[in-house]
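Please read the following note alongside the sequence and the model.

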Amino acid sequence: QVQLVESGGGLVQAGGSLRLSCAASGRTFSALIMGWFRQAPGKERELVASISSTGGRIYYADSVKGRFTISRDNAKNTVYLQMNSLKPEDTAVYYCAADPITLRAMGSIRYWGQGTQVTVSS
């Protein structure tokens with residue numbers, strides 16, 4: 001099965017930047033839709049950004065549009081989330097996710113990483 005391992009989280013001041021990486025193992029990475037979710041304490045997990053298998057279709061949540069950039073490098077089996085102009089409300093555990101069909105519904109997602117903590121201080 002596909003394994004996803006996130007890295008790059010940490011503690012930053014408001015206005016700062018972080019780059020998250022998700023390294024995937026498995027033969028079918030290039031065929032997967034990839035995305036990033038986040039979950040803050042007491043809140044539901046929400047989709048932050050997604051990118052299609054070839055990078056041709058990209059989605060961002062309204063709350064991060066213009067600040068975050070998702071990208072993928074299929075040759076490296078890696079998806080990235082560049083986060084700029086971070087705000088305290090971005091604080092959450094960020095999860096990498098992958099599915100062959102869609103990330104539009106939580107129940108449809110086949111693969112999840114273990115998560116990486118992002119904390120943004122005021």
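1. A search of the whole structure finds one disulfide, the term standing for a pair of cysteine sulfur atoms within 2.5 Å. Cys22 and Cys96 form this link, with their sulfur atoms 2.1 Å apart. The link of Cys22 and Cys96 is left-handed, with -85 degrees about the S-S bond. Because Cys22 belongs to strand 3 (residues 18–25) and Cys96 to strand 9 (residues 92–99), the pair ties together parts that are 74 residues apart in sequence. Strands here are DSSP runs of E with at least two residues, and helices are runs of H or I with at least four, numbered from the N terminus.

2. The model is predicted: local features need pLDDT of at least 70 and side-chain atom pairs count only at pLDDT 80 or more, while totals for chains, interfaces and linings use all residues. Residues are numbered from 1 along each chain as its sequence is written, and side-chain values use heavy atoms, with hydrogens and water left out.

3. Are the two cysteines, Cys22 and Cys96, buried or exposed? Cys22 is buried, at a relative accessible area of 0%, and Cys96 also counts as buried, at 0%. Buried means under 20% relative accessible area, exposed means over 50%, and partly exposed lies in between (1.4 Å probe, protein chains only).

4. The structure holds two aromatic pairs. Rings of Phe, Tyr and Trp (its six-membered ring) pair if their centres lie within 6.5 Å; planes under 30 degrees apart count as stacked, over 60 as edge-to-face and the rest as tilted. Tyr95 is buried at 14% relative accessible area, whereas Trp112 is partly exposed at 26%. Ring pairs join Phe37, Tyr95 and Trp112 into a cluster.

5. Which charged end sits over the ring of Tyr95? It is that of Arg45, 3.7 Å from the ring centre. In a further case, the charged end of Arg72 sits over the ring of Phe29, 4.8 Å from its centre. The criterion is that NZ of Lys or CZ of Arg is within 6 Å of the ring centre and within 35 degrees of the ring normal.

6. The largest pocket holds about 280 Å³ of space. Its lining includes Ile33, Leu47, Arg57, Tyr59, Ile101 and Arg104. Strand 5 (46–51) and strand 6 (58–60) each supply at least two lining residues, and strand 5 gives the most, with three. By class, the lining has seven nonpolar, three polar and two charged residues. Ala, Val, Leu, Ile, Met, Phe, Trp, Tyr, Cys and Pro count as nonpolar, Asp, Glu, Lys and Arg as charged, and the others, Gly among them, as polar. On a 1 Å grid over the protein atoms alone, a pocket is an open set of points where a 1.4 Å probe fits, with protein on both sides within 12 Å along at least five of seven lines; lining residues have an atom within 4 Å of a point. Grid points are joined across faces, edges and corners, and the volume is the space filled by probe spheres set on the points.

7. Ile101 and Asn77 are 24 residues apart in sequence and 18 Å apart in space, C-alpha to C-alpha.

8. Asn77 has a phi near 55 degrees, a positive value in a residue other than glycine; Asn77 lies in the loop between strand 7 (68–73) and strand 8 and is partly exposed at 22%. Ser85 has a positive phi as well, near 50 degrees; Ser85 is in the loop between strand 8 and strand 9 and is partly exposed at 41%. Most residues other than glycine have a negative phi.

9. Leu4, in strand 1 (residues 3–7), is buried at 7% relative accessible area. Leu4 and Tyr111 are 107 residues apart in sequence, and their C-alpha atoms are 7.5 Å apart in space.
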